[in-house]
Amino acid sequence: MLIQGFHLFQMDETGLPLLDDVYFSFPEGSYTVLLSENVLAATAFLKILAGEKRPAAGTLRIGHQDPFAFTPSQRNRWLSDVGMVFSDFKLFSDRSIEENILFTLRAKGFWDEDSLSAVDILLSKAGLAHKSQMRPSELTDGENQLVMALRAMIFRPRLLVADDPFQNVEGEAFGLLFKFLRELNKTGTTIVLSARQTAFLDEVKKSGEDLAIRWIQLDGGKLYPLEEKVS
Amino acid sequence: MNWISRLGYVFREGFLQVLRSGGLSVAVIIIVAATLLQLSLFLGISRVLDHAFASTNQKLEMAVFLSASATRSETEHLQSVLSQDERVQSAQLVTKEQALQEFRRDPAIDQMVRALGENPLTDSFTLILKPETADQVDALATALKKEAGVEDVSYGKGQWEAVSNLARVIRWSGLIMASVVFLTALFIVANTLTLALWARREDMIAMVRLGAPTWMRWGPYLCEGIFQGFFGAFLVMVFLEAVRRFAGQALQRYGGFDILATLPFQEWLSLYLNLIVIGAVLGLLGAFWALQKKWVKELL
């Protein structure tokens, strides 16, 4: 999905600007990482991209459509193409992690018998097969974060918006998640994710992953390209 | 086959949500059970009164007097009309000779008849009406008066009216009481289920964000209400069955309660099925009402 924003403004609850006349264009199939030390601003930006929060001013187009002009049923259809990871978008606490991911597939209309095995294969790849029947409360924060990311990826959305999906994810799990995201991107999914600047860059450098990603920085309510910083 | 999986999902989730709601589910089940117990007690009382009326009604007869000039064909026609009328349980022709013999048992009347020198009586029909048609007696009498060959129709009008009015008052007041009890229970069930929804509001938000279709979001909640209503009804059913089996004979000694021992099982079964349906409807409506709350609609 092509994502375009024009003159976007957003403020926090006290009226301080989080986004100040922001404009951008993320091509279809692109992979963009937003680096920011301002957690609130990054979350506000991503919530706008996910069609969750209307900007105070400006225009957003996702796949040439305005997600804030949808009727509830149009929005529901649109959501079947969008995956999200937000810290306030918790897993269902009273279901196993397998059921949590399976629910996403069901919600997107996958009711065949292969769905469950697809979930199990994914959990197995993520090294969580032995915990598939556990509840989120029985997992570590990092594991929960990984499951939330898997939930957003399993149906191969056309757009994935993830707010700091690497939070609390360390070591091998970090590399795995990074790899999953790259694989998803290769299938054509447009990815926009945020990360806390220094920690994320350090981890990426440690993982030795290919950095052919579009990097941008959100600072003082403005977006800046960052290619020179990470190359 | 997908729709079977989807239906299975809704039922399974509905059932699991009854368990997940824990104490709130127990509260709804108890409210439904208390309501249905009141309704079934009321139905039982109505039934006992119906029996009482039935035994009274059967003692009241209606007499249809034919005119002296009534022909044989008119009498036969009337007999046919009476035998086909659904309000009439039995109709017996009493000839004027039989009536005279009956009268002559009283010596004073016998003397008067002798003085007259001829039989002043006419043929008549003695009717016994079905008890449940108590409130239609007046209409039946009016209709019979219009039949050819009928001179007069006689019945204990005041008594009939008193009985039918009492029956009507009891039925209507019962219906109103039952409705009030039902609506009160519905209000309480809906509000208790709203509390359960509030406790699960984060899940509801997550479902919307995952793009779950409406049936997937609403279905389990509605089903949860149906299950809770069903379980409430089941409790009452178990209680009533225990009363029927073990307390029926003991209560029979107190009179009026003989219905517990004598009522055919078929009627009990029908009561149980009605309770299950009413319980499920109560739960379903309660859940639907809860889902209509403004904040719920905004979330879902």
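Q: Buried means under 20% relative accessible area and exposed over 50%, with partly exposed in between. In this predicted model, which of these classes does B:Glu76 fall into?
A: The relative accessible area of B:Glu76 is 43%. That value lies between the cut-offs of 20% and 50%. B:Glu76 is therefore partly exposed.

Q: Which residues of chains A and B are joined into one network by salt bridges that share partners?
A: The structure holds 18 salt bridges over all chains. Salt bridges that share partners make one network of A:Asp94, A:Arg95, A:Glu99, B:Arg12, B:Glu13 and B:Arg20.

Q: How many residues apart in sequence are the parts tied together by the pair A:Arg158 and A:Glu28?
A: A:Arg158 and A:Glu28 form a salt bridge, with 3.8 Å between the closest N and O atoms. A:Arg158 lies in the loop between helix H5 (141-153) and S6 of chain A, and A:Glu28 in the loop between strand S2 (17-26) and strand S3 (31-35), so the pair ties together parts whose separation in residues is 130.

Q: Are the side chains of A:Asp66 and A:Arg61, which meet in a salt bridge, buried or partly exposed?
A: The N to O distance of this salt bridge is 3.9 Å. A:Asp66 has a relative accessibility of 27%, and A:Arg61 has a relative accessible area of 29%. Both values lie between 20% and 50%, so A:Asp66 and A:Arg61 are each partly exposed.

Q: Is the aromatic pair of A:Phe24 and A:Phe26 stacked or edge-to-face?
A: A search of the whole structure finds 22 aromatic pairs over all chains. In the pair of A:Phe24 and A:Phe26, the ring centres are 4.8 Å apart and the planes make an angle of 25°. Planes under 30 degrees apart count as stacked, so this pair is stacked.

Q: What is the angle between the planes of A:Phe166 and A:Phe178?
A: A:Phe166 lies in the loop between strand S6 (159-163) and helix H6 (171-186) of chain A, and A:Phe178 lies in helix H6. A:Phe166 is buried at 5% relative accessibility, and A:Phe178 is buried at 0%. The two form a tilted pair, 5.9 Å centre to centre, and the angle between their planes is 40°.

Q: Which residue lies over the face of B:Trp198?
A: In chain A, A:Lys47 lies over the face of A:Phe86, at 5.3 Å from the ring centre. In chain B, a residue lies at 4.0 Å from the ring centre of B:Trp198, and that residue is B:Arg201.

Q: What is the accessible area of the nonpolar patch that includes B:Trp3?
A: B:Trp3 is found in helix H1 (residues 2-21) of chain B, and it is exposed, with a relative accessible area of 59%. With B:Ile4, B:Leu7 and B:Phe11, B:Trp3 forms a nonpolar patch on the surface. B:Phe11 also belongs to an aromatic cluster, together with B:Phe15, B:Phe227, B:Phe230, B:Phe231 and B:Phe234. The accessible area of the patch is about 440 Å².

Q: How many residues of helix H3 of chain A are buried?
A: The helix covers residues 97-107 and is mostly covered. Its buried residues include A:Ile97, A:Glu98, A:Phe103 and A:Arg106. H3(A) is followed by A:Gly109, whose phi is positive, near 100°. Of the 11 residues of H3(A), the number buried is 10.

Q: How far apart are the C-alpha atoms of A:Ala42 and A:Leu160?
A: A:Ala42 lies in helix H1 (residues 39-49) of chain A and is buried, at 0% relative accessibility. Among the residues that A:Ala42 touches are A:Leu34, A:Ser194 and A:Leu218. A:Leu160 is 118 residues from A:Ala42 along the chain, and their C-alpha atoms are separated by 15 Å.

Q: What percentage of the residues of chain B count as buried?
A: The secondary structure of chain B comes to 12 helices and four strands. Chain B exposes about 16800 Å², and carbon and sulfur atoms supply 63% of that area. Of the 300 residues of chain B, the buried share is 39%.

Technical notes:
Residues numbered from 1 in each chain as written. Chains lettered and ligands numbered in written order. Predicted model: local features only at pLDDT ≥ 70, side-chain atom pairs only at ≥ 80, totals over all residues. Heavy atoms only, no water. Phe/Tyr/Trp six-rings, centres within 6.5 Å; stacked < 30°, edge-to-face > 60°. Helix = DSSP H or I, 4+ residues; strand = E, 2+ residues; numbered from the N terminus. Buried < 20%, exposed > 50% of the residue type's maximum accessible area, 1.4 Å probe, protein only. Lys NZ or Arg CZ within 6 Å of the ring centre and 35° of its normal. Patch = residues over 30% accessible without salt bridge, like charges linked within 9 Å, V, L, I, M, F, W, Y side chains within 5 Å. Areas by Shrake-Rupley, 256 points an atom, 1.4 Å probe, with all protein chains shown as cover. Salt bridge = Lys/Arg side-chain N within 4 Å of Asp/Glu carboxyl O. Contact = heavy atoms within 4.5 Å. Lists of a residue's contacts leave out its neighbours within four places in sequence.
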